[in-house]
Each structure stands twice: as C-alpha cells, then as structure tokens.
Amino acid sequence: MNQTLKPNQHLIVLAGNIGSGKTSLTQLLSERFGWQASYESVENNPYLADFYADMRSWAFHLQMYFLGNRAQEVETLLDSDRSAIMDRSIYEDAHIFVRALHEMNNLSDRDYQAYFKLYEMVLRQLPKPSLLIRLDAPVETLVDRIQQRARSIEDTINPDYLRLLDSYYHQWAADYAESPVLTVNSHRFDFVNNPSHLQQIIDGIAHCIRAGSSLNLAEPAM
C-alpha cells in the first residue's frame, strides 16, 4: 500500500560516504527539531558477519535484508505524526553500495538485476522524502575520521574503495530528482563543534523545505 506523509510531517534523509558525518548530524538535528531519528544498526544485522567473511556468497542476502529493513523503517516512522530523519537513504543502498558490489564482482549480473527489480517496486510504495541532505567530504578526510573512530567492522575499508564510492555518489547526485537536496561540505562545516556551522545548516534546511529548492553549502559564512 502506498504511504504518504501527513500534513506538516517531514521525512528527512541523509546521504554520504562512510565517515562523512551522517550519524552525528542526524543526532544533532533530531535533538534540535524533536524529530524521530533512525540510525543504521549493524549490531542486529544477521548477515553482516557472514558478508565480511565471504562477500561474494552473502552480498545478495545482505542487500536484500537492507532493502526490506529500510522500507520497514520508513513505514514505522510514518505511523507517527512526528517528522523523522534517517541517517542513510534507501537510494544509497541501490545506487552506491549494490552498484559497488556488482563492480567488484561480489554480486552477479543475475542478482544485480533481481535486486533492482524489487528495489523499484519497493520504491513505488514509499513516499518521496521532504529533503535529502547530502554530506560531501574528500576521501582523505573520510580516511582520517574512520581511523580516529577505530570501529573494528571498518578495519578492512581502504581508500580505493572510498574513492569508488565517492565517484558513484557524485554520479548519483547529478541524477537524483526525488526531492530538494541540501549539499553540505562536511569537511568545511564542523557542525559537531561549531554551533554557527550547525545553525547555517539548519537555516539551509528551512530554506530548502520552504522554497522546495536545492542549496549547496560549500563554505561556512564568516
């Protein structure tokens, strides 16, 4: 059944490479606006350990799990009258990570086509977001942040993989047309430690939702 947003209800989704700051910004915006927050959980994922042990055997299972789980998250959030924010979009699963798995020969042509057939069906049942916030940062910045947070599950991530994802993010961003987009240079905007930078992002969100148009925040205002 098709779902729609209620009057004055917003669905905000974040997009960005690993280490771009999605979770931090989601938490800050959730606290500021009182939005429901949905975070990508790795602890309860039944396929993740198998996937990292044998990517080719488990890539399809993992991505099918993500697809169903992401759609269920949206449905759960929309059951409330409150607005919501998600720290990763369903679009990235398909156009970034599934594409990368296929490019790296961890996902066969058959499984790739089967995934996208179901993805397109699921997408038709979900509402378009009110706004997509895309965080963009140089790969060197991403590498530094990943090393600093030292998550064991990210030990195998290398810069070449991040560069591949980065190229896909830029290609996808050029074609994305589901909603207005607020693009934030998360290397320049230190929204975690600088309240002025966070406020400029908040002002950008208000502008995009009010005007229904996209905005690029490349440099913080002085």
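## Helices across the sheet

Let's start with helix α8, residues 195–211, which lies across β1, β4, β5 (181–185) and β6. Relative to β5, α8 runs at about 160°. Another helix, α3, lies across β1, β2 and β3, and its angle to β3 is about 165°. Keep in mind that this is a predicted model.

## The sheet itself

In which order do the six strands of the open sheet come? The order is β2-β3-β1-β4-β5-β6, and the pairing is parallel. At the edges stand β2 (36–38) and β6 (215–217); each has a single partner strand, so one side of each is left without a neighbour in the sheet. From one strand to the next, the twist averages 15°.

Now look at β1 and β4 (residues 131–136): these strands run parallel and are joined by five bridges. G16, for instance, has L135 in β4 as its bridge partner.

## Nonpolar cores

The largest nonpolar core has 43 residues, and Y119, L132 and W172 touch the most other members. Elements that give two or more residues to this core include β1 (11–16), α3 (55–78), α5 (109–125) and α7 (159–175). Apart from it lies another core of 19 residues, with L25, I85, V184 and L198 among them.

## A closer look at W172

Is W172, with its 8% relative accessibility, buried or exposed? Residues under 20% count as buried, so W172 at 8% is buried. W172 lies in helix α7. Leaving out residues up to four places away in sequence, W172 touches several residues, including A15, Y91, H95 and L132. L132 in turn touches V13, P180 and L182, among others, with the residues up to four places away again not counted.

Technical notes
Residues numbered from 1 in each chain as written. Predicted model: local features only at pLDDT ≥ 70, side-chain atom pairs only at ≥ 80, totals over all residues. Heavy atoms only, no water. Core = buried A, V, L, I, M, F, W, Y, C linked by side-chain atoms within 4.5 Å. Buried < 20%, exposed > 50% of the residue type's maximum accessible area, 1.4 Å probe, protein only. Helix = DSSP H or I, 4+ residues; strand = E, 2+ residues; numbered from the N terminus. Contact = heavy atoms within 4.5 Å. Pairing = 2+ DSSP bridges. Axes fitted to C-alpha atoms, helices over the stretch in contact; angles between N-to-C directions.
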